[in-house]
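Good morning, and thank you for coming.

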Amino acid sequence: MIWKSLLVFVLCGASFVCAHPHVFIEATVKAVFDDAGFSAIRNHWVYDELYSSAMMSSGDADGDGKISDSENKWFSENILSPLKEYNYFNYVQSGTVFLKVLGISNFKATFKNNRLMLDFETKFSIPAGADYTMLVIAIADISNYFQVTADMENADVVGPDSFDIEFFNDGLRGLTLFRAFRSDIEGLYLRFKKK
C-alpha cells in the first residue's frame, strides 16, 4: 500500500512539473499576404532572461555577446528546428483544419538588453478568391512547457491593395480546434477576398 501511495505521489508530482511553463516568450505577429493570398506569419519572439542567457552561453561561440551570421544558424537549428513538429507554435485554422507550415524564411536571431529575440516567417499558401476566406491565427504551445504570450491586440496585417482584408483579436472560446488551448489565449481573426 505504501508503494502504491508513493507511486501516485511521484506520478502526480511529475505531472505538476510538466504542467507549468519553463520558458517564457513574448510574441508579436503580422499576417502577410502576397499577390496570391495569405502567405506567411511574421513572428517576433522575445525570450525571458534566464532562457536567453542559457542559449547565449551555448550559441555565442566567440563570446562577444552578439549573434553573428555564422552563429545565427546554430540558433535556428537548436531553437526553432525542434519546434517544426509543433508547427512552430503557429496555428492557423481554415475551416475545420489547422494548416501545416510549409517552411521557414527570413530567420534572424539577435540579443539585446539581455533578451534573445527571434524573427522569422512561417510560410502558408491560401489563395484569395471572390468570396471571403476566414482564418483564425493563434501562437501558443499547448503543452505549456513554453508560455507564449502573443500580443494579438497589436497584431498587424500587410498585403496588396487588390485585397479586402479585415481582422480583429478575440478569445478562442467556442472554437472546436482550439479546445486544448489555455482559456486566456487570444486569436487573430482574419477574412480576406479579392476586391
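Let me start with one residue. At a relative accessibility of 25%, tryptophan 74 counts as partly exposed; buried means under 20% relative accessible area, exposed means over 50%, and partly exposed lies in between, with a 1.4 Å probe and protein chains only. Phenylalanine 75, by contrast, has 0% relative accessibility and therefore counts as buried.

A word on the origin of these values. This is a predicted model, in which local features need pLDDT of at least 70 and side-chain atom pairs count only at pLDDT 80 or more, while totals for chains, interfaces and linings use all residues. Residues are numbered from 1 along each chain as its sequence is written, and side-chain values use heavy atoms, with hydrogens and water left out.

How are the rings of tryptophan 74 and phenylalanine 75 arranged? Rings of Phe, Tyr and Trp (for Trp, its six-membered ring) pair if their centres lie within 6.5 Å; planes under 30 degrees apart count as stacked, over 60 as edge-to-face and the rest as tilted. By this rule the count comes to 17 aromatic pairs. The rings of tryptophan 74 and phenylalanine 75 have centres 5.0 Å apart and planes at 80°, so this pair is edge-to-face. The rings of tyrosine 47 and tyrosine 51 have centres 4.8 Å apart and planes at 25°, so that pair is stacked. Both tyrosine 47 and tyrosine 51 are buried. They belong to one aromatic cluster, together with Trp45, Phe89, Phe120, Tyr145 and Phe146.

Let us now turn to a helix. Helices (H or I, at least four residues) and strands (E, at least two) are DSSP runs, numbered from the N terminus. Helix α3, residues 69–80, has twelve residues and reaches 16 Å from its first C-alpha to its last, close to the 16 Å expected at 1.5 Å a residue; the expected span is 1.5 Å times one less than the number of residues. Which residues of α3 are buried? They are Glu71, Asn72, Phe75, Ile79 and Leu80. Seen down the axis of α3, these buried residues fall within an arc of 120°, so they line one face of the helix; the arc is that of the directions from the helix axis to the C-beta atoms. The face turned away from that buried side carries the exposed residues Ser70 and Lys73. The cover over the buried residues of α3 includes β2 (37–47), α2 (49–59), β5 (103–112) and β6 (115–127), where contact means heavy atoms within 4.5 Å.

Strands β5 and β6 run antiparallel and are joined by eight bridges; two strands pair if DSSP finds at least two bridges between them. Glycine 103 has lysine 123 in β6 as its bridge partner. The two strands form a hairpin with two residues between them, and asparagine 113 in the turn has a positive phi of about 55°.

I come next to the open sheet. Five strands stand in the order β4-β3-β7-β11-β10, with antiparallel pairing. At the edges are β4 (97–98) and β10 (163–171), each with a single partner strand, so one side of each is left without a neighbour in the sheet. Strand β3, residues 90–94, is joined to β4 by two bridges, and serine 94 stands opposite valine 97. Asparagine 169 has leucine 188 in β11 as its bridge partner.

In β11, arginine 191 is the bridge partner of methionine 134. Arginine 191 also lies over the face of tyrosine 132, at 3.8 Å from the ring centre; a charge sits over a ring if NZ of Lys or CZ of Arg is within 6 Å of the ring centre and within 35 degrees of the ring normal. Finally, threonine 133, in strand β7 (residues 133–139), touches arginine 191 among others, including Ile126 and Phe192. Is threonine 133 buried or exposed? Its relative accessible area is 18%, so threonine 133 is buried.

To close, the whole protein. It has three helices and eleven strands, and its C-alpha atoms fill a box of roughly 70 × 50 × 25 Å along the principal axes. Buried residues make up 40% of its 195 residues. Among contacts with a separation of 6 or more, 67% join residues 24 or more positions apart.

Conventions:
Lists of a residue's contacts leave out its neighbours within four places in sequence.
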